[in-house]
Amino acid sequence: MNKFIKRLVYFALPLVIISYPLDLWISDCISESSCIGYCSDEFSVWDDIFDGKIDSDIAVYGSSRAWMHFDTPMMTDSLGHNSYNFGMNGNGFLTQYLRHKMYLKHNRKPKVIMLSVDYFTLEKRDHIINHFQFLPYMLWNKDMMEETSSYSDFEIFDFLIPLLRYIGDFQLFVDTYQITSSDLKSKRDRGFAGISKGWYEGIEETKEVYHFEIDEKLVQLLDKFLQECVEDDIEVVLVYAPIYYEGLKRIGNQEEIFNTFYDFSIKYNLEFLDYLDYEINCHKFLFVDFPHLNDRGAYFFTSALIEDFQRTKALKRLKRE
Amino acid sequence: MMFNSVDFAIFLSTFFGLYWFVAKDNLKIQNLLIVIGSYLFYGLWDWRFLFLIFLSSVVDYSVGRKLEFEANQVKRKILLWSSIVVNLGILGFFKYYNFFLENFIEAFSFFGQEIQGNSLNIILPVGISFYTFQTLSYTIDVYKRKLKPTKDFIVFSAFVSFFPQLVAGPIERATNLLPQFFKKRTFSYEKAADGMRQILWGLFKKIVIADNCAEYANLIFNHSDQCTGSTLVVGAVFFTFQIYGDFSGYSDIAIGTARLLGFDLKKNFSFPFFSRDIAEFWRRWHISLTTWFRDYLYIPLGGSRRGTFMKIRNTFIIFLVSGFWHGANWTFIVWGLLHATFFLPLLLFKRNRKHLDIVAKGKIFPSFREFVAMLSTFGLTVFAFIFFRANDIGHAISYISEVFSPSLFTTPDFIGMMEAIPIAFLVVLFILIEWIGREGEYAIEGIGLRWWRPLRYGLYYAIIGLIFLFGNETQEFIYFQF
């Protein structure tokens, strides 16, 4: 038995010793690669968060409708306050909240949070979209473990054992190497990345109306988040960004969704900037598809947002401080 | 918990520690620990079905005890049949109730009679096809006086529920496994090291070969109506390696785990893809099941000894039942009957026991004839596996029709084909390693044993490296559904 245990230890020891540094190195390579294809350029934002590089007064949260719409370099120039866009492609409030927690943990807190809300924000989901984006940051990250525990994408051991979460990701390593060897860089500037595309014609064929089920747990989480912001003295501004007018007809429970956010704005006395009736919403050439503006549309929207934001108490408070 | 999971690694490590360090030299405590550990292992799958294993154990233990002292032949038969009825009754209900009901209704409607029937939402208990056959082998052997029944209920429970082979075999014979629970088990370094090697190889087969092949097999089978004949051939080949890697990988892990605990389980796969004919294939594929059917069904039916007609009849019965054992679907029955059709000419021309030794024993390469024979046999098994994998007979027929169409001579084309190329290379590497190690119990058993230790460790690290790089998203073991 002693011989067996000894041999087992001799065999396993090199693997154990090398696992942690190898995990660190792989995670570093992946996060620096931008790995655009896998996770829509989220690594650059996560890197900025974990490196403590974000020194912003205004933080923008949301889904792809945040990072594609809110031109934070433009906002920084116009408002005279650093702005950063934390929008997460395809992700609802649960993972937005996780990002918020990590942001506050490693950076100074913002003075204003613009929360881009829509039918995506509180939608019930089983999986995390772009779960690859968490891989480099997961090891021994208790917050990430807790916040993603309700999804089936990860197991507890993925957060505890080095390299376990990378098993089978050969293609990811190949892509990382290829991207790192190329000139490909992150397109996100202060977290914002406009899309230079026109309208996608295939969309119009679908006439289906969708019902986006609201997850009660996410409603409670949003409530908790807003309460925390009150305690942390962070102003929150809810923003319902433009949707192409035909798209609104495809959301079966649009009123229910809107009213959920409206009720929160009343409860916490929040500014609620609603762009559902905005004039650009019927101009297809400013959209990529129903929910997403292209870069020109983002310019118009951000201009309007800056103008409206100047009338809010949030900016008045920023100017005072 | 799956064998290829961190949960199982923790479970096994803890169990190993308790078994060899706490229970140590005490056989009774080791056996009790096996029962507790096995029930815990099974309970983590689905605690609701622990009662079934317990019931099966109680019934067959009691029948065994009664058979020991019962001299009256009629009463002995009644006892035997009560065990058979209970075990097959449970199996039949959970596995085949809906199948028979649906076919019954369809048969009546074929004759213009509509009848109502309520199919039940029945969950198939994991491992039921395996442990019921295992306990049946006990009562049958006791009945035939091949085995003395055990008085020790703990030992019997341990035999029935032994966790390494509980959920997907090998189906152990009481004559082989039961006596091992009565013998003092001392730790053997060689056995344990060999067990670890076999576990490693099993994990490679499952995680790298089976789970990767599954991805493409599923893709092609699920979209078979959009694929060319050549692509469908690729899909069938992927499925063949999926099922082999999956099932034999599981068996390797089961056997390796048992060896860690001082037990010897029977080999379940013996390099079946190197078979030169279908008869040899069935001597090398799922050996524990085929020998079970041979000993407990084929031979009692008369085997090959009562004339040609009986020989043919018994052969078809065996393959039909074997197919049906796999699941409640006509596709499995057709799969079994296909193999019967392939097998029968060999049996009738007395060529079914031509190849008893491994191909090209002691040689590096097979002869051209052997190579062609292996390829042909492989082709037949791939063909039959189309039925095994298809959703229904219609699906299988349309699949095969497209295979044997002009599109067979086009280049395969499916989504993710470029990513499948490394997997194809891995399959080739796998076949190569299996070929090199074909004279052992499992492929890497003897490879590197005489090498300088760091070099041997390098081989194992390379296998672990391949698992790390190419391990695919975990798919459930295929045979869990049986």
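Reply: The model is predicted. Two packed helices are described by the angle between their axes and the distance between the axes. In chain B, helix H3 (residues 50-69) packs against helix H6 (residues 153-161) at an angle of about 130°, and their axes are 10 Å apart.

From H3(B) come B:Ile53, B:Phe54, B:Ser57, B:Val58, B:Asp60 and B:Tyr61, while H6(B) supplies B:Phe153, B:Phe156, B:Ser157, B:Val160 and B:Ser161. By class, this contact has 7 nonpolar, 3 polar and 1 charged residues.

B:Asp60 also has a contact with B:Thr139, a residue of helix H5 (residues 128-143) of chain B. B:Thr139 has a relative accessible area of 0%, so this residue is buried. Apart from neighbours within four places in sequence, the contacts of B:Thr139 include B:Val63, B:Leu67, B:Leu80 and B:Ser83.

Within the residue range of H6 (153-161) there is also B:Phe159, which touches, among residues more than four places away in sequence, B:Gln134, B:Tyr138, B:Leu177 and B:Phe181. B:Phe159 belongs to the largest nonpolar core, of 150 residues, and is one of the members that touch the most others, as are B:Phe162, B:Phe181 and B:Trp201. Helix H9 (residues 189-222) of chain B gives this core its largest share, 15 residues.

Methods
Residues are numbered from 1 along each chain as its sequence is written. Chains are lettered from A and ligands numbered from 1 in the order in which they are written. This is a predicted model: local features need pLDDT of at least 70, side-chain atom pairs count only at pLDDT 80 or more; totals for chains, interfaces and linings use all residues. Side-chain values use heavy atoms; hydrogens and water are left out. Axes are lines fitted to C-alpha atoms, for helices over the stretch in contact, and angles run from 0 to 180 degrees between N-to-C directions. Helices (H or I, at least four residues) and strands (E, at least two) are DSSP runs, numbered from the N terminus. Contact means heavy atoms within 4.5 Å. Ala, Val, Leu, Ile, Met, Phe, Trp, Tyr, Cys and Pro count as nonpolar, Asp, Glu, Lys and Arg as charged, and the others, Gly among them, as polar. Buried means under 20% relative accessible area, exposed over 50%, partly exposed in between (1.4 Å probe, protein chains only). A nonpolar core is a set of buried Ala, Val, Leu, Ile, Met, Phe, Trp, Tyr and Cys residues joined through side-chain atoms within 4.5 Å.
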